[in-house]
Amino acid sequence: MTELSFTCTGVRADRYAAAPTLLFRLRITAADGARVHALALRCQLRIEPARRDHDAEEAAALADLFGARSRWGSTLKPLQFAQVSLVVPGFHGETEVDLPVPCSHDLEVAAGRYVHALRDGEVPLLLLFSGTVFAGPGGFQVAPVPWHKEAECRLPVAVWREMTDTHFPGCGWLRLPRESLDALLAFRSRHALPSWEATVTALLATADGAAPTRGRFTAVARPATERTAP
């Protein structure tokens with residue numbers, strides 16, 4: 001049985017991906033320089049929030065995920081980040097590959113909500129490996145990748161923001177029920193607001209006690225080919 005070990009040497013944003021994607025650089029080492037014909041690799045990525053400090057502002061932003069800070073001793077549990085697979089080409093002894101991990105910017109997803117709440121620093125991740133290795137010096141041996149194979153990685157918050165800003169510069173996303181969306185549409189039409197940003201700003205002003213200012217926004221007829229601001 002070929003013994004493999006895994007190390008994550010870094011992570012970067014994939015600026016050329018169609019959707020937000022991180023590239024984790026993996027170094028895979030086969031014991032005794034063994035020959036590996038191919039490796040069908042699966043990787044589960046978990047966020048381990050207990051392995052970093054959180055300041056008061058971050059703790060307040062994470063209250064809906066983990067509750068009050070006084071309870072974090074029992075509530076600060078790992079979060080599922082992603083689960084991906086990769087076919088690694090054959091190698092002798094050691095190789096390095098990029099592991100692409102598509103990421104969600106949806107704030108309804110716990111992992112996205114967690115990273116969004118962090119101001120700086122790093123996100124502690126644990127990579128758990130499984131899969132099948134095809135190896136053997138003179139033949140073809142098939143063996144599973146043991147489930148205890150792991151690697152730690154620290155994802156810089158700056159890299160996450162670079163990834164999201166590449167696809168959604170300066171923006172975020174909210175999921176709303178259809179009834180709420182219809183109500184927002186009616187409010188926007190009633191006040192002749194030109195964009196969703198103006199609509200939410202007007203609603204926040206109303207909630208703070210100030211009436212929405214119709215004159216501040218000007219209804220604009222937009223061409224059908226122009227994207228509406230989220």
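Modeller: Ground rule: a residue is buried under 20% relative accessible area, exposed over 50% and partly exposed in between (1.4 Å probe, protein chains only). We're looking at a predicted model, where local features need pLDDT of at least 70, side-chain atom pairs count only at pLDDT 80 or more, and totals for chains, interfaces and linings use all residues. Residues are numbered from 1 along each chain as its sequence is written, and side-chain values use heavy atoms, leaving out hydrogens and water.

Colleague: What does Val 145 touch?

Modeller: Leaving aside residues up to four places away in sequence, Val 145 touches Phe 6, Leu 39, Phe 129, Ser 130, Gly 131, Thr 132 and Val 133. Contact means heavy atoms within 4.5 Å.

Colleague: How far should the 13 residues of H6 span, and how far apart are its end C-alpha atoms?

Modeller: The expected span is 1.5 Å times one less than the number of residues. For H6 that gives 18 Å, and its end C-alpha atoms are 18 Å apart, so the two agree.

Colleague: Which residues of H6 are buried, and what puts them on the same side?

Modeller: Leu 184, Phe 187 and Arg 188 are the buried ones. They cover an arc of only 100° around the axis, which is why they share a side of H6; the arc is taken from the directions from the helix axis to the C-beta atoms. The face turned away carries exposed residues, including Arg 178 and Glu 179.

Colleague: What do the buried residues of H6 pack against?

Modeller: They pack against H7, and the buried residues of H7 pack against H6 in turn.

Colleague: Which residues of H7 (196-207) are buried, and why are they put on one side?

Modeller: They're Trp 196, Ala 198, Thr 199 and Ala 202. Their arc is only 160°, which puts them on the same side of H7. On the face turned away sit the exposed Glu 197, Leu 204 and Ala 207.

Colleague: How does the lining of the second largest pocket divide?

Modeller: It has three nonpolar, four polar and two charged residues. Ala, Val, Leu, Ile, Met, Phe, Trp, Tyr, Cys and Pro count as nonpolar, Asp, Glu, Lys and Arg as charged, and the others, Gly among them, as polar.

Notes. Helices (H or I, at least four residues) and strands (E, at least two) are DSSP runs, numbered from the N terminus.
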